[in-house]
Amino acid sequence: MKKADRIKLVLEALNSRYPFEDKCYLNYTHPHELLIATILSAQCTDDRVNIVTESLFKKYPTIEAFAAADLKEMEKDVYQTGFYKNKAKNIITCANQLLERHEGVLPSSVEELTALAGVGRKTANVVRCHIFKMPSVVVDTHVMRISRRLGFTKNQDPVKIEFDLMKTLPKESWIRYNHQVIALGREICKAPNAKCELCFMTDFCPSFGKGKK
């Protein structure tokens, strides 16, 4: 089967299975809260982040409050998300940078977002997708794993995978693909072993029956 035909079948199957799957798994009310939640999500589950941010966003209700936070106290506040020293430092620095460079308003460009402390391309693209509704490819562990299994990329590096997917997938499907593949990864295409017997794409998935790539 030609790759173009397989891409078409995959997108059609995802649209059929997850027609309205465009949710954000991180809880937030204000744009800067999504930025902070995504910084905290590095090497941490979304469920754990949501537990931490429930009280964190009440304690620090504004960007100004985050910017003025005490480092040691912030470390305690985000301890449960892991790598808490770096995350606490980056959150406070990032908040100050937003105030100094952007008057407290999140920028929309990848370049400006990734210039903020603790913000990589994944975090920047999450913000672009959910806050600005701009077509972006978010490469989290699910997108990385499943895109390799589907044969859309052979790379391991998240940035290279992002650019592979940007070349492979039609731009209008980028945001939906992000969310659909996360849903697929949570339900069926798990790590390390996929539940291939439950999958709806067995006829055109090159990794059918393997599940460990």
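This is a predicted model: local features need pLDDT of at least 70, side-chain atom pairs count only at pLDDT 80 or more; totals for chains, interfaces and linings use all residues.
The contact joins helix 2, which spans residues 31-40, and helix 8, which spans residues 121-130. The two helices pack at an angle of about 145°, and their axes lie 9 Å apart. The crossing of helix 2 with helix 8 is right-handed. On the side of helix 2, the contact is made by Leu34, Leu35, Thr38 and Ile39, which meet Thr123, Val126, Val127 and His130 of helix 8. By class, 5 residues of this contact are nonpolar and 3 are polar, while no charged residue takes part.

The structure contains 2 cavities of 30 Å³ or more. The largest cavity has a volume of about 140 Å³. Its lining consists of 16 residues, and those nearest the centre of the cavity are Cys189, Ala194, Cys196, Cys199 and Cys205. Of the residues lining the largest cavity, 11 are nonpolar, 3 are polar and 2 are charged.

The second largest cavity holds about 40 Å³ of space. It is lined by His32, Leu35, Ile36, Ile63, Phe66, Ile91, Cys94, Ala95 and Leu98. At least two lining residues come from each of helix 2, helix 4 (63-67) and helix 6 (84-102), and helix 6 provides the largest share, with 4 residues. This lining comprises 8 nonpolar residues and 1 polar residue, with no charged residues.

Note on methods. Residues are numbered from 1 along each chain as its sequence is written. Side-chain values use heavy atoms; hydrogens and water are left out. Axes are lines fitted to C-alpha atoms, for helices over the stretch in contact, and angles run from 0 to 180 degrees between N-to-C directions. A crossing is left-handed if the near helix is turned anticlockwise from the far one by less than a right angle, and right-handed if clockwise. Contact means heavy atoms within 4.5 Å. Ala, Val, Leu, Ile, Met, Phe, Trp, Tyr, Cys and Pro count as nonpolar, Asp, Glu, Lys and Arg as charged, and the others, Gly among them, as polar. On a 1 Å grid over the protein atoms alone, a cavity is a set of points where a 1.4 Å probe fits but cannot get out, and a pocket is an open set with protein on both sides within 12 Å along at least five of seven lines; lining residues have an atom within 4 Å of a point. Grid points are joined across faces, edges and corners, and a volume is the space filled by probe spheres set on the points.
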